[in-house]
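Here are my notes for a colleague who is meeting this structure for the first time. Please keep the view open while you read.

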Amino acid sequence: MWLWRLLSGVNKRDGRILHLYVACNNCHTPVHVRIDVYNDLTLEYGDREQAVGYVLRKEIMDSRCFRLMHAEILFDTTRRETQRTVDGGVFVDESVYHQHVATIQK
Ligand SMILES: [Zn+2]
């Protein structure tokens with residue numbers, strides 16, 4: 001199970017790009033954000049100044065009500081995602097975003 005999750009995670013990431021789909025809490029508009037895990041992450045250090053992993057803090061704005069959402073994603077030292085949180089919104093499935101795009105293009 002663990003291995004399956006690991007492999008599917010790598011496939012979905014198409015290499016170095018991590019795709020985030022976040023919906024605004026206020027207007028529920030989904031937003032797609034691309035993260036380059038080799039350029040966008042910040043190295044974090046522990047109490048003894050050893051590298052403990054990476055962190056990404058990103059401000060995301062939807063195109064309807066323009067409220068800012070603050071995403072924070074933690075990664076281990078191999079740049080694998082370990083935890084994600086977002087203020088002002090929720091993470092949604094990729095299909096939710098594509099449904100939204102299909103709707104506004106009609
Ligand atoms: Zn909004």
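1. In which sense do strand 5 and strand 6 pair, and over how many bridges? The sense is antiparallel, and the bridges number six. Strand 5 covers residues 68–75.

2. A word on confidence. This is a predicted model. Mean pLDDT for the chain is 89, and 87% of the residues reach 70 or more. Residues 8–13 fall below 50. That stretch has one contact in the model beyond near neighbours in sequence. Where pLDDT is low, the predicted coordinates should not be read in detail.

3. Strand 3 and strand 4 run antiparallel and are joined by four bridges. Leu43 has Tyr54 of strand 4 as its bridge partner. The two strands make a hairpin, with five residues between them. Glu49 sits in the turn and has a positive phi of about 60°.

4. Strand 1 and strand 2 pair in the antiparallel sense, over seven bridges. Within that pairing, Tyr21 faces His32 of strand 2.

5. The nonpolar core comes next. The largest one has 13 residues. Leu20, Val22, Ile35, Met69, Ala71 and Ile73 have the most contacts inside it. Strand 1, strand 2, strand 4 (51–61) and strand 5 each supply at least two of its residues. Strand 1 gives the largest share, five residues. In soluble globular proteins, nonpolar side chains tend to be buried together.

6. Take Ile35 as a way into that core. Ile35 is among the core residues with the most contacts. Setting aside neighbours within four places in sequence, Ile35 is in contact with Ile17, Leu18, Leu20, Asp40 and Leu56.

7. Is His19 buried, exposed or partly exposed? His19 belongs to strand 1. Its count is 13 other C-beta atoms within 10 Å, so it is partly exposed. Not counting residues up to four places away in sequence, His19 touches His32, Arg34 and Glu94. The C-alpha atoms of His19 and Val33 are 5.9 Å apart, with 14 residues of sequence separation.

8. Now a loop residue, Asn26. It is in the loop between strand 1 (17–24) and strand 2 (30–36). Asn26 is partly exposed, because 14 other C-beta atoms lie within 10 Å. Beyond its neighbours within four places in sequence, Asn26 is in contact with Cys65 and Arg67. Asn26 and Phe66 are 40 residues apart along the chain, and their C-alpha atoms are separated by 9.6 Å.

9. Why does Phe66 count as exposed? Because it has 11 C-beta neighbours inside 10 Å, and the cut-off for exposed is 12 or fewer. Its phi is near 60°, a positive value in a residue other than glycine.

10. Last, Arg79. It is found in the loop between strand 5 and strand 6. Arg79 has a positive phi of about 65°, although it is not a glycine. With 14 C-beta neighbours inside 10 Å, Arg79 counts as partly exposed.

Note on methods
Residues are numbered from 1 along each chain as its sequence is written. This is a predicted model: local features need pLDDT of at least 70, side-chain atom pairs count only at pLDDT 80 or more; totals for chains, interfaces and linings use all residues. A residue is buried if 20 or more other C-beta atoms lie within 10 Å of its own, exposed if 12 or fewer, and partly exposed in between; C-beta atoms are placed from the backbone. Two residues are in contact if their C-beta atoms, placed from the backbone, lie within 7 Å. Two strands pair if DSSP finds at least two bridges between them. A nonpolar core is a set of buried Ala, Val, Leu, Ile, Met, Phe, Trp, Tyr and Cys residues joined through C-beta atoms within 7 Å. pLDDT is the predictor's confidence in each residue, from 0 to 100.
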